[in-house]
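Here's a quick briefing to read with the model open beside you.

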Amino acid sequence: MSGYSGAPLPRRVSVAVPVGGVTVGGEAPVVVQSMTNTDTADIDATVAQVAALHRAGSELVRITVDRDESAAAVPKIRDRLARLGVEVPLIGDFHYIGHKLLADHPACAEALAKYRINPGNVGFREKKDRQFAAIVETAIRHDKPVRIGVNWGSLDQELLTRLMDDNQANGSPMTADEVTREAIVQSALLSAELAEEIGLARERIILSAKVSRVQDLIAVYSELAKRSDHALHLGLTEAGMGSKGIVASSASMGILLQQGIGDTIRISLTPEPGGDRTREVQVAQELLQTMGFRQFTPVVAACPGCGRTTSTVFLELAEKIQADLKANMPVWREKYPGVEQLKVAVMGCIVNGPGESKHADIGISLPGTGETPAAPVFIDGVKAATLRGPKIADDFQEMVANYIETRFGPGGKAAAE
């Protein structure tokens with residue numbers, strides 16, 4: 001056996017940054033972030049999507065502020081959300097003309113909870129530092145935090161060229177990829193240093209350094225974590241669509257999180273045409289929950305099925321229970337404190353079914369191929385009932401609802417503990 005403890009490394013100590021009512025870094029849990037893909041100037045569409053992302057569990061939502069119409073819409077979006085009871089901090093994503101938009105639209109500057117600056121396109125040549133400083137000074141006036149977000153697709157070419165030239169003059173001890181990664185890290189650190197020199201407090205700065213290749217992301221953030229105590233926002237940019245984007249994001253960020261690196265995450269999935277934008281929030285939550293960092297929803301354990309489980313009953317029941325829990329969680333979080341800790345098992349045969357059900361808070365072992373048509377139900381590790389007949393699924397769903405009420409409702413076991 002190795003010396004692996006089965007637990008993640010201690011969280012890297014970072015500076016805590018308040019963003020609206022959410023804390024990023026310090027001892028706060030890793031925060032889930034998402035971004036809209038609506039035209040921000042379309043107030044109705046943006047409000048609807050921000051609300052949907054927040055309902056799905058996004059604790060911070062970034063919106064694009066790319067022109068005057070978008071900037072003018074931001075305070076209206078914030079106010080509309082407040083009337084709907086959606087108190088999620090909004091982050092303004094600025095490129096090229098952010099300094100001008102913030103100056104021309106002070107209501108936008110005040111309505112946003114945080115500004116995101118990309119040092120690679122905040123300005124060019126002699127304008128770069130001046131326009132960067134203008135955004136930072138606006139953040140100081142409005143007491144807003146700033147995320148300095150480097151992206152290798154828009155990396156500061158002057159810095160990269162200088163490092164490439166220095167590397168060549170030194171006999172090229174580093175590869176081009178290594179020099180590029182160093183340029184990404186330096187861009188973030190030098191920009192943070194400049195922001196502090198201008199007067200932005202250290203507890204108002206978050207850093208990110210996004211790339212689109214898994215190994216590069218791990219290398220860049222590992223180095224950034226060694227050389228800075230700023231809070232870090234993790235994200236694999238341009239991760240892609242579907243399972244590719246999910247796997248790549250989970251693989252890269254999972255390794256970094258296991259090493260204690262990362263204070264807020266975003267899963268940058270490309271949605272299918274007409275697809276649900278909230279999918280990226282769900283994946284982020286599942287990554288954090290699967291790794292044991294946070295608990296968002298009850299866990300439903302279900303076997304994958306095999307030749308012993310030719311019936312689809314357990315598949316349909318697992319899906320139904322999962323969907324029911326997900327649909328009810330927004331209400332249950334308020335009504336049943338701690339319900340996200342619930343563990344449910346829906347198993348397909350007697351091989352692992354009874355044992356797995358005993359490990360759950362409530363579990364059912366459905367009959368597999370050739371087994372007696374009976375389904376034992378276990379509650380808190382003890383067999384509580386045996387279900388039979390065509391209504392097994394409905395009966396078990398009712399037992400789950402009763403268990404939640406008994407354990408997490410007023411006067412329940414969880415409240416007494």
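This is a predicted model: local features need pLDDT of at least 70, side-chain atom pairs count only at pLDDT 80 or more; totals for chains, interfaces and linings use all residues.

A residue counts as buried under 20% relative accessible area, as exposed over 50%, and as partly exposed in between. The protein chain has 417 residues, and 50% of them count as buried.

**The overall picture**

- You'll find 14 helices and 17 strands in the protein chain.
- The C-alpha trace spans about 80 × 55 × 45 Å along its principal axes.

- Y96, I97 and F124 make a nonpolar surface patch of about 310 Å².
- To find F124, go to the loop between β6 (114-117) and α5 (127-142).
- Y96 sits in another part of the chain, namely the loop between β5 (90-94) and α3 (98-104).
- Because its relative accessible area is 49%, Y96 falls in the partly exposed class.

**Backbone spots worth a look**

- Y96 turns up again here: its phi is near 70°, a positive value in a residue other than glycine.
- S172 isn't a glycine either, yet it has a positive phi of about 55°.
- S172 lies in the loop between α6 (157-169) and α7.
- With a relative accessible area of 41%, S172 is partly exposed.

**How α5 and α7 cross**

- Helix α7 covers residues 176-198, and its axis comes within 10 Å of the α5 axis.
- The two axes cross at roughly 55°, so α5 and α7 are oblique to each other.
- As for handedness, the crossing of α5 and α7 is right-handed.

**Salt bridges**

- Side chains of opposite charge can pair when their charged atoms come close.
- Searching the whole structure turns up 25 salt bridges.
- One of them joins the side chains of R213 and D177, at 3.4 Å from N to O.
- R213 is in the loop between β8 (205-210) and α8 (214-227) while D177 is in helix α7, so this pair ties together parts that are 36 residues apart in sequence.
- R213 is partly exposed, at 39% relative accessibility, and D177 is partly exposed at 39% too.
- R202 pairs with E196, and their closest N and O atoms are 2.3 Å apart.
- R202 counts as partly exposed, with a relative accessible area of 29%, and E196 is likewise partly exposed at 29% relative accessibility.
- E280 and R266 also meet through their side chains in a salt bridge, at 3.1 Å from N to O.
- E280 belongs to helix α10 (residues 279-290) and R266 to the loop between β11 (264-265) and β12 (269-270), so the pair ties together parts that are 14 residues apart in sequence.
- Are E280 and R266 buried or exposed? Both E280 and R266 are buried.
- Salt bridges can also link up into a network, as they do for D39, D66, R67 and E69.

Conventions: Residues are numbered from 1 along each chain as its sequence is written. Side-chain values use heavy atoms; hydrogens and water are left out. Patches are made of residues with over 30% relative accessible area and no salt bridge: like charges are joined within 9 Å, nonpolar side chains (Val, Leu, Ile, Met, Phe, Trp, Tyr) within 5 Å. Accessible areas come from the Shrake-Rupley method with a 1.4 Å probe; for residues, only the protein chains shown count as cover. A salt bridge is a side-chain nitrogen of Lys or Arg within 4 Å of a carboxyl oxygen of Asp or Glu. Helices (H or I, at least four residues) and strands (E, at least two) are DSSP runs, numbered from the N terminus. Axes are lines fitted to C-alpha atoms, for helices over the stretch in contact, and angles run from 0 to 180 degrees between N-to-C directions. Angles under 35 degrees count as roughly parallel, over 145 as roughly antiparallel, 65 to 115 as roughly perpendicular and the rest as oblique. A crossing is left-handed if the near helix is turned anticlockwise from the far one by less than a right angle, and right-handed if clockwise. Buried means under 20% relative accessible area, exposed over 50%, partly exposed in between (1.4 Å probe, protein chains only).
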